[in-house]
Amino acid sequence: MKNVGVRFEIPNEYGNYLSNILESLPVKCYQWLVDDDEIYLLKNNQFTNEFLFNDDRIISGEKLYESSKNNTYYMIFVTLRAFFKDGTIKAVSKYKDFLESDCQIILSVYDCSYVVFWCKDSELVSNMYEYALSKGYEYVEYIEDIEFAT
């Protein structure tokens, strides 16, 4: 069995939790595909009709991190896929497709607080696990490849 990801829960409240999660990753090494996102910006403690990611679907790691760090928002859901800068960008959602693609990381947040992180780099998987524990996130556990066996 091999650890291929991590799942955990973040607080169900506004803040900048996405940037907190991204802190444990070499975000700038990748270009990111933003998919299925609903992240509402807050201004003066009020929800706006603006989203964290507008029409940008492929963004640099620098822009992803800066946008997520320099804003306050409420995440309903988001799926981010990381590709090396010379990789072929393609949305994948099944584990088998993930393994066969150039996608290196899939980071999903759903129902405001549930986080699922898949990664091809086992060191980054371990780092995310330790990081989630250090931040006090709840229900931190590894995802093992055996979960995807058919």
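Contact here means heavy atoms within 4.5 Å. Keep in mind that this is a predicted model. With that in hand, let's start with an arginine, then move on to the aromatic rings and a cysteine.

- You'll find arginine 81 in strand S5, which covers residues 73–84.
- Arginine 81 has a relative accessible area of 6%, so it counts as buried, the cut-off being under 20%.
- Leaving aside residues up to four places away in sequence, arginine 81 touches Gln31, Trp32, Leu33, Asp35, Lys90, Ala91, Val92, Ser93, Cys103, Ile105 and Ile106.
- One of those neighbours, aspartate 35, is joined to arginine 81 by a side-chain polar contact of 3.1 Å.

**Aromatic rings**

- How many aromatic pairs does a search of the whole structure find? The search turns up 10.
- Tyrosine 110 and tyrosine 114 make a stacked pair, with 5.5 Å centre to centre and 25 degrees between the planes.
- Both of these tyrosines are partly exposed: tyrosine 110 has a relative accessible area of 40%, and tyrosine 114 has 33%.
- Tyrosine 129 and tyrosine 142 are stacked as well, at 4.1 Å centre to centre and with 10 degrees between the planes.
- Tyrosine 129 sits in helix H4 (residues 122–134) and tyrosine 142 in strand S8 (residues 138–144), so this pair ties together parts that are 13 residues apart in sequence.
- Tyr30, Trp32 and Phe84 come together as one aromatic cluster.
- There's also a charge over a ring: lysine 120 lies over the face of phenylalanine 98, 5.2 Å from the ring centre.

**Cysteine 29**

- Where is cysteine 29? Look in the loop between helix H1 (17–22) and strand S2 (30–43).
- Cysteine 29 is partly exposed, with a relative accessible area of 43%.
- Not counting residues up to four places away in sequence, cysteine 29 touches Phe84 and Lys85, and Phe84 is also a member of the aromatic cluster with Tyr30 and Trp32.
- From cysteine 29 to aspartate 55 it's 26 residues in sequence and 22 Å in space, C-alpha to C-alpha.

Conventions
Residues numbered from 1 in each chain as written. Predicted model: local features only at pLDDT ≥ 70, side-chain atom pairs only at ≥ 80, totals over all residues. Heavy atoms only, no water. Helix = DSSP H or I, 4+ residues; strand = E, 2+ residues; numbered from the N terminus. Buried < 20%, exposed > 50% of the residue type's maximum accessible area, 1.4 Å probe, protein only. Phe/Tyr/Trp six-rings, centres within 6.5 Å; stacked < 30°, edge-to-face > 60°. Lys NZ or Arg CZ within 6 Å of the ring centre and 35° of its normal. Polar contact = N/O pair within 3.5 Å; in protein donor to acceptor, adjacent residues only side chain to side chain.
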